[in-house]
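Here are a few exercises to work through with the viewer open. Try each one yourself before you read the solution.

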Amino acid sequence: MTNGRWIFLSVLALIDALTVGVGRAAAQGAAETVQDMLAAQIRSQGFTCDKALGATKDTARSRADHAVWVLRCSNASYRVSRAPDMAAKVEPLR
């Protein structure tokens with residue numbers, strides 16, 4: 001083979017290897033659940049959530065661009081209101 005063909009095949013192999021790595025990273029990111037994302041968000045705002053047990057969307061309180069979730073943790077439950085580009089409003093539930 002000529003040098004041009006080797007370079008072409010090397011570039012194709014590199015592109016293939018990179019796209020496989022990107023696909024794996026996307027699959028790992030998709031494995032994160034809503035309850036895990038909500039738990040991480042309320043922890044960053046100073047609330048405790050030892051272990052996220054479940055999250056249910058409150059459709060009666062949710063609106064377009066304003067989702068409301070009930071997050072159950074092993075130590076407490078919270079109502080979490082989320083709007084784009086804003087901190088979540090977190091209400092502890094009894």
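The exercises below go from the overall layout down to single residues, and keep in mind that this is a predicted model.

**Exercise 1. Work out how many helices and strands the protein chain has, and in what order they run.**

Step 1: Read them off from the N terminus, which gives α-α-β-β-β-β.

Step 2: Of the 94 residues in the chain, 21% are buried. The chain exposes about 6,900 Å², with carbon and sulfur atoms supplying 57% of that area.

**Exercise 2. Find the disulfide, say which parts it ties together, and give its handedness.**

Step 1: Look for the cysteine pair. The structure holds 1 disulfide, and C49 and C73 form it, with their sulfur atoms 2.0 Å apart. That sits inside the 2.5 Å cut-off for calling a disulfide.

Step 2: C49 is in the loop between helix 2 (34–44) and strand 1 (52–57), while C73 belongs to strand 2 (residues 67–73), so the bond links parts that are 24 residues apart in sequence.

Step 3: Check the torsion. About the S-S bond it comes to about -100 degrees, so this disulfide is left-handed.

Step 4: Are the two cysteines buried or exposed? C49 is buried at 3% relative accessible area, and C73 counts as buried too, at 6%.

**Exercise 3. Decide which face of helix 2 is buried, and what packs against that face.**

Step 1: List the buried residues of helix 2: L38, A39, Q41 and I42.

Step 2: Look down the helix axis. These residues fall within an arc of 165 degrees, so they line one face of the helix.

Step 3: Recall some helix geometry. An α-helix has 3.6 residues a turn, so residues three or four places apart point the same way.

Step 4: See what the buried residues meet. They pack against strand 1, strand 2, strand 3 and strand 4.

Step 5: Follow the chain out of the helix. Helix 2 is followed by G46, which has a positive phi, near 95 degrees.

**Exercise 4. Describe how strand 3 and strand 4 pair, then look at R79.**

Step 1: Find the sense of the pairing. Strand 3 (residues 77–82) and strand 4 (residues 89–93) run antiparallel, over 5 bridges. As one example, V80 has V90 in strand 4 as its bridge partner.

Step 2: Inspect the turn. The two strands form a hairpin with 6 residues between them, and D85 in that turn has a positive phi of about 60 degrees.

Step 3: Pick out R79, which is in strand 3. Buried or exposed? At 15% relative accessible area, R79 is buried.

Step 4: Check its surroundings. Leaving aside residues up to four places away in sequence, R79 touches several residues, including D58, W69, K89 and E91. The C-alpha atoms of R79 and K89 are 8.0 Å apart, with the two residues 10 apart along the chain.

**Exercise 5. Work out what the side chain of S62 reaches.**

Step 1: Locate S62 in the loop between strand 1 and strand 2. Its relative accessibility is 17%, and the cut-off for buried is under 20%, so S62 counts as buried.

Step 2: The S62 side chain reaches the backbone oxygen of D58 at 2.8 Å. A polar atom of that side chain also lies 2.9 Å from the backbone nitrogen of V68.

Notes
Residues are numbered from 1 along each chain as its sequence is written. This is a predicted model: local features need pLDDT of at least 70, side-chain atom pairs count only at pLDDT 80 or more; totals for chains, interfaces and linings use all residues. Side-chain values use heavy atoms; hydrogens and water are left out. Helices (H or I, at least four residues) and strands (E, at least two) are DSSP runs, numbered from the N terminus. Buried means under 20% relative accessible area, exposed over 50%, partly exposed in between (1.4 Å probe, protein chains only). A polar contact is a pair of N or O atoms within 3.5 Å; within protein, one must be able to donate a hydrogen and the other to accept it, and residues adjacent in sequence count only if both atoms are side-chain atoms. Accessible areas come from the Shrake-Rupley method with a 1.4 Å probe; for residues, only the protein chains shown count as cover. Two strands pair if DSSP finds at least two bridges between them. The arc is that of the directions from the helix axis to the C-beta atoms. Contact means heavy atoms within 4.5 Å.
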